[in-house]
Structures are given as C-alpha cells and as structure tokens.
Amino acid sequence: MPKVSALCVYCGSSNEVDPKHLRAARETGRLAAERGIEIVFGGGHVGMMGALADGALAARGKVTGIIPEILMARETAHEGVSEMIVVENMHTRKRRMFERSGAFCALPGGMGTLDETFEILTWKQLGLHDKPIVLANLDGYWDTLLTMLEFQTAQGYVRPEQMGLFRVVTSVGSIFDALEAAPAPKIPGDSERF
Ligand code: AMP
C-alpha cells in the first residue's frame with residue numbers, strides 16, 4: 001500500500017502554457033498511477049488539469065474530479081475520470097478536495113492554483129491539519145513566489161518555521177520522493193472544525 005493513497009494536485013487551467021509544463025502534468029499523473037496513488041483534482045479537461053488527468057488515466061490510474069456546477073462548462077468537465085463529484089460552490093470544492101486527499105501538490109498554475117495552495121498552507125499553519133504539501137518548482141516556475149516568501153520572512157510577516165510547512169522539489173519524480181519521506185499526519189483529516 002502506498003503511504004499516501006490520494007494526492008490532490010492543484011495546477012493551471014490555461015491551455016496557453018509551456019508544452020513542457022503540460023508534459024510534466026501528464027507525467028505527474030502517470031507516476032501517481034504507477035504507484036497506485038489516486039489523483040484528486042479540480043475536474044476540468046483544460047490546461048495542466050486536463051493533462052494531469054489524461055496522464056493518470058492512460059496509465060490506468062484512479063482520478064477523482066471535484067468541480068462546482070458553475071464551472072462544468074467553462075472548465076469542460078473531464079468525461080473520462082473514474083469519479084466526478086459535482087458540488088455547489090468553490091468553497092465546497094476546496095473542502096471536498098481537502099477531505100479526500102492525504103497530501104497536496106502544486107504544479108505551475110495561475111491565481112486559482114495560488115488560492116488553493118495558500119488556503120491549504122494556511123490551514124496547516126493554523127494547525128488544522130498536518131498533511132504533506134509539496135511545491136513543484138518546475139523550471140524555476142515558483143522562484144519568484146519563493147523570493148516573495150523569503151522577503152516576507154525577512155520583513156517579519158512570515159515566521160521562519162512557516163517555511164517548513166511545505167517542501168519544494170524541482171522535478172516531477174521528486175514529488176513522490178517527498179511524499180515517501182513525509183511523516184504520517186497525526187491530526188484527523190475532517191474539516192468540520194474549519
Ligand atoms: P488557475 O490556476 O487560475 O488556472 O486555476 C486553477 C484552478 O483553480 C481552476 O480549476 C479554477 O477553477 C480554480 N480556481 C480559480 N479561482 C479559485 C478560487 N478563488 N478558489 C478556488 N479555486 C479557484
């Protein structure tokens with residue numbers, strides 16, 4: 001049995017991105033499938049999200065999409081996933097993604113990806129959960145974000161130990177190494193307290 005059975009991946013919905021990143025998303029899906037790790041994602045068949053799901057499904061992996069009704073058309077809900085959970089709004093989507101997953105990974109993405117990643121980070125910062133969070137800094141995509149966080153730390157707004165809430169990796173393969181190395185969560189995964 002894999003240590004993490006379901007990995008939530010946050011990533012971009014734009015199709016107009018570096019094809020290298022789309023290949024990396026596909027590869028993330030494939031590597032998860034090969035390890036028997038279910039992918040939990042936003043459910044869209046667009047951009048990095050679609051590539052991720054396609055990669056996992058092509059390798060016979062389990063893929064669960066969680067999509068709000070309002071985005072079914074805009075993000076072209078993926079029709080081939082193992083399970084599609086349609087929820088009433090964005091807040092429920094994020095909560096259900098949290099509940100369903102044992103770990104989180106951010107691939108390159110836009111504002112939605114940032115929102116999702118920082119929400120899960122701030123929940124961890126508040127001690128509401130202790131599930132692993134991995135930032136996949138592919139081709140230095142998140143370098144400027146890391147510089148911002150270092151600046152915030154230097155300015156006293158982020159405590160140095162908060163930088164330990166997540167792991168930074170630079171390749172798709174090392175996402176899974178980081179998950180293997182992460183200590184098992186001790187805090188119950190329910191979100192009723194949030
Ligand atoms: P983006 O990184 O902006 O391409 O968005 C990636 C995913 O995040 C998409 O599935 C968006 O629907 C989702 N998203 C966008 N804005 C938000 C938000 N405020 N809260 C949660 N998810 C969002």
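What you have on screen is a predicted model, in which local features need pLDDT of at least 70, side-chain atom pairs count only at pLDDT 80 or more, and totals for chains, interfaces and linings use all residues. Residues are numbered from 1 along each chain as its sequence is written, and side-chain values use heavy atoms, with hydrogens and water left out.

Let's start with α1 (19-34) and α6 (residues 172-181); helices here are DSSP runs of H or I with at least four residues, strands are runs of E with at least two, and both are numbered from the N terminus. α1 and α6 pack at about 40°, with their axes 9 Å apart (axes are lines fitted to C-alpha atoms, for helices over the stretch in contact, and angles run from 0 to 180 degrees between N-to-C directions). The two helices are therefore oblique to each other.

Who touches whom? On the α1 side it's A24, E27, T28, L31 and A32, and they meet V172, G173, I175 and F176 of α6 (contact means heavy atoms within 4.5 Å). Sorted by class, that makes six nonpolar, two polar and one charged, where Ala, Val, Leu, Ile, Met, Phe, Trp, Tyr, Cys and Pro count as nonpolar, Asp, Glu, Lys and Arg as charged, and the others, Gly among them, as polar.

Within α6, V172, S174, I175, F176, A178 and L179 are buried, meaning under 20% relative accessible area, with exposed over 50% and partly exposed in between (1.4 Å probe, protein chains only). Their cover includes α1 along with β1 (6-10), β5 (103-106), β6 (133-136) and β7 (167-169).

α1 has another partner, too: α2 (residues 47-58) packs against α1 at about 35°, with axes 7 Å apart. By class, that contact has eight nonpolar, five polar and three charged residues.

Now for the strands. β1 and β2 run parallel and are joined by three bridges (strands pair if DSSP finds at least two bridges between them); A6, for one, has E38 in β2 as its bridge partner. In β2, E38 and V40 lie on one side, I39 and F41 on the other, and all are buried.

Finally, a look at the backbone. Most residues other than glycine have a negative phi. T76, in the loop between β3 (63-68) and β4 (83-87), has a positive phi of about 40°, and D139 has one of about 55°.

Methods. Angles under 35 degrees count as roughly parallel, over 145 as roughly antiparallel, 65 to 115 as roughly perpendicular and the rest as oblique.
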